[in-house]
Amino acid sequence: MAPRRRLGIMGGTFDPIHYGHLVTAEEARVQFGLEQVIFVPNRHPPHKDPREVTDPEHRYLMTFLATATNPHFTISRLEIEREGPSYTIDTIVEFKRRHPDEALSYITGADAILQILRGEWEDSPRLLALCDFIAATRPGFVLDHDAVRANNVTGRRLDNIHFMEIPALAISSTDIRRRVALGRPIKYLVPEPVESYIVQHGLYGAAAPTRAEARRSPDD
Ligand code: ATP
Ligand code: MG
C-alpha cells in the first residue's frame with residue numbers, strides 16, 4: 001500500500017504573521033515530506049483577551065498575503081468562520097473528517113507544544129492522541145525529551161511528537177506589534193506585503209502614510 005499523504009496544519013493567531021511562522025512551516029514541510037501546509041488563523045484565541053486581538057479578517061488577509069507565493073501553502077477559514085473560542089481540538093477533529101485518507105501533523109513552536117503537554121489547551125490529552133505533532137525550536141524555550149517528559153500531563157509515552165530544529169528566529173508577533181507602535185522597523189521580520197498592509201490599515205498604531213508617500217510609485 002502506498003504511504004499515506006501527510007498534511008501539515010499550522011494554527012496561530014498570526015497577529016501579524018511573520019518569518020518565524022513561515023520558516024517553521026516550510027522546514028516542517030520539507031523535513032517531514034508534507035504534501036501541503038494549511039495555515040489556520042484562529043478567530044478567538046482562547047488564551048487571549050478578544051479586545052486585544054486584531055480583527056480576524058485583517059489577520060486572515062495578512063496570512064493570505066504572506067503565504068500566496070508558496071505553492072505548497074494554503075489557508076483555511078475554518079476557525080475564522082466558527083463562532084466561540086477557537087479550540088484546536090475541534091479543528092483537528094474537523095480536518096480528520098475532511099481528509100480521512102491523509103495523515104495530519106499539527107505544527108507548533110516550542111512554547112505551544114509545552115502548553116499542550118501541560119494540559120493548558122482544551123482537551124489536551126485527547127488532542128495529543130489525535131494526530132502527530134511537529135514541534136519547532138524557538139528562542140527562549142527548552143524543547144527536548146526531558147522537557148516533554150516533565151510537562152506531559154498524559155503520563156503516556158508520546159512517540160507522535162517530533163522535534164525539529166529551525167534556524168533560530170527570535171521574532172514574535174508581540175514584538176512586531178510593539179515595534180510598529182513605537183515607529184521602529186519591521187522590514188525583514190515580516191514579508192513586504194504584510195508590512196504594507198499594516199501601514200495601509202494603520203494596524204498596531206502604525207502611522208498612516210502621508211499623501212505624498214501613498215502616491216509615490218516604485219519608479220519615483
Ligand atoms: P504572540 O507574540 O502574539 O503570541 P507569536 O509570535 O507567538 O505571537 P502565534 O500566532 O501565537 O505567534 O503562534 C503560532 C504558532 O507559531 C505557535 O505554534 C508558535 O509557537 C509558533 N511560532 C511563532 N513564532 C515562532 C518562532 N519565531 N519560531 C518558531 N515557532 C514560532
Ligand atoms: Mg504566541
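## Cores, strands and a pocket

Student: Leaving aside its neighbours within four places in sequence, which residues is V37 in contact with?
Tutor: Contact means heavy atoms within 4.5 Å. Leaving aside neighbours within four places in sequence, V37 is in contact with G8, M10, A25, R29, H72, F73, T74 and I107.

Student: What pLDDT do side-chain atom pairs need in this predicted model?
Tutor: Residues are numbered from 1 along each chain as its sequence is written, chains are lettered from A and ligands numbered from 1 in the order in which they are written, and side-chain values use heavy atoms, with hydrogens and water left out. The model is predicted: totals for chains, interfaces and linings use all residues, local features need pLDDT of at least 70, and side-chain atom pairs count only at pLDDT 80 or more.

Student: Which members of the largest nonpolar core touch the most other members?
Tutor: A nonpolar core is a set of buried Ala, Val, Leu, Ile, Met, Phe, Trp, Tyr and Cys residues joined through side-chain atoms within 4.5 Å. Buried means under 20% relative accessible area, exposed over 50%, and partly exposed in between (1.4 Å probe, protein chains only). The largest core has 29 residues, and those touching the most other members are I17, V37, F39, M62 and I198.

Student: Which elements each supply at least two residues of this core?
Tutor: Elements are DSSP runs, numbered from the N terminus: helices (H or I) have at least four residues and strands (E) at least two. At least two residues of this core come from each of helix 1, strand 2 (36-41), helix 2 (56-67), strand 5 (132-136), helix 8 and helix 9 (192-200).

Student: How many residues does the other core have?
Tutor: In soluble globular proteins, nonpolar side chains tend to be buried together. Here another core lies apart from the largest one, with I89, I92, Y106 and L143 among its members. Its residue count is 27.

Student: How many residues of strand 4 are buried?
Tutor: A103, S105, I107 and G109 point one way from the strand, L104, Y106 and T108 the other, and all are buried. Strand 4 is thus mostly covered, with a buried count of seven of its seven residues.

Student: Which residue of strand 5 stands opposite Y106?
Tutor: Strand 4 pairs with strand 1 in the parallel sense over five bridges (DSSP must find at least two for a pair). M10 stands opposite I107 there. Strand 4 also pairs with strand 5, in the parallel sense over five bridges. In that pairing, the residue opposite Y106 is F133.

Student: How much space lies in the largest pocket?
Tutor: On a 1 Å grid over the protein atoms alone, a pocket is an open set of points with protein on both sides within 12 Å along at least five of seven lines; in a cavity a 1.4 Å probe fits but cannot get out. Grid points are joined across faces, edges and corners, and the volume is the space filled by probe spheres set on the points. For the largest pocket that gives about 880 Å³.

Student: Which residues of its lining lie nearest the centre of the largest pocket?
Tutor: Lining residues have an atom within 4 Å of a point. The largest pocket has 44 of them, and nearest its centre lie G12, K48, D111, A112 and R138.

Student: Which element gives the most to the lining of the largest pocket?
Tutor: Two or more residues come from each of strand 1 (6-12), helix 1 (19-31), helix 4 (88-98), strand 4 (103-109), helix 5 (110-117) and helix 8 (173-182). The most, four residues, come from strand 4.

Student: How many lining residues of the largest pocket are charged?
Tutor: Asp, Glu, Lys and Arg count as charged; Ala, Val, Leu, Ile, Met, Phe, Trp, Tyr, Cys and Pro as nonpolar; the others, Gly among them, as polar. The lining has 19 nonpolar and 18 polar residues, and its charged count is seven.

Student: Where is the cis peptide bond from D15 to P16, and in which loop is the place of P16?
Tutor: Most peptide bonds are trans. The bond from D15 to P16 is cis, with omega near 0°. P16 is in the loop between strand 1 and helix 1.

Student: Is Y204 buried or exposed?
Tutor: Y204 has a positive phi of about 60° although it is not a glycine. Its place is the loop between helix 9 and helix 10 (211-215). Because its relative accessibility is 14%, Y204 counts as buried.
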